[in-house]
Amino acid sequence: MSLVLHGYHYSVYNRIARLALAEKGVAYDRVEVNPFAEPSPEYLALHPFGRVPTLVHDGFVLYETGAITRYIDRSFAGPALQPGSPQALARMDQLIGVIDSYGYWPMVRQVFSHRVFRAAAGRPVDEAEIAQGLSGSAKVLAALEALASEPFLTGADLSLADLHVGAMVAYFTLAPEGTAALAKYPRLAAWWARVRQHASFTTTDPGLPKPDRVT
């Protein structure tokens, strides 16, 4: 079997795909693709928009993170990552939609990127972006708190929603302000304390860049 994940090491969406692969216990190869650089013609042949990640499984090419993680769950043995009941499955899709549509930009691109990533890389930090991100994140966290079940977001078992939301919360809480914001939502904070202990979150931790490695 040939299974290759093309992605950017620090991409939150690349990590989501890696989390799904880790939870299923699937071995794969990785190809580094920097979406902030000019994509190669070879990569554009796989992903016409030049984004990450892209999964190639025995010649089958798939991009878009939600499609990739669902495909991984359907294609490989291991624990099911999608609930069985229609309502729980709908809740999973809703949680993923909420974090994608409303959480990614303020939590990752504003709070994490400016407070943590840019600082580690020796780049300028914009405090106004952080403030805007924290303001925007509050509504997202409140929505997640209201929707979340226990012990995992969709109920008794870990699902793709936990991986999708967890990858973004992992970055968000690397900022001290992010940790403080999450603490205001007790159910969500308790969920994060549980899910972050999964081995998949340890093995997929991308770390932070060093100035000499940033392009």
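Colleague: In which sense do strand β1 (residues 3-7) and strand β2 (residues 29-32) pair?

Modeller: This is a predicted model: local features need pLDDT of at least 70 and side-chain atom pairs 80 or more, while totals for chains, interfaces and linings use all residues. Numbering starts from 1 along each chain as its sequence is written, and side-chain values use heavy atoms, without hydrogens or water. Leu5 stands opposite Arg30 in β2. Over four bridges (pairing needs at least two DSSP bridges; strands are E runs of at least two residues, helices H or I runs of at least four), the sense is parallel.

Colleague: What is the handedness of the β-α-β crossover from β1 to β2?

Modeller: The chain passes through helix α1 (residues 12-24). With the strands pointing away from the viewer, a clockwise path over the helix counts as right-handed. This crossover is right-handed.

Colleague: At roughly what angle do the axes of helix α5 (residues 127-147) and helix α8 (residues 186-195) cross?

Modeller: The axes, lines fitted to C-alpha atoms over the stretch in contact, come within 8 Å. Leu141, Leu144, Glu145 and Ala146 meet Pro186, Arg187 and Leu188 (contact means heavy atoms within 4.5 Å). Angles run from 0 to 180 degrees between N-to-C directions. The axes cross at roughly 80°.
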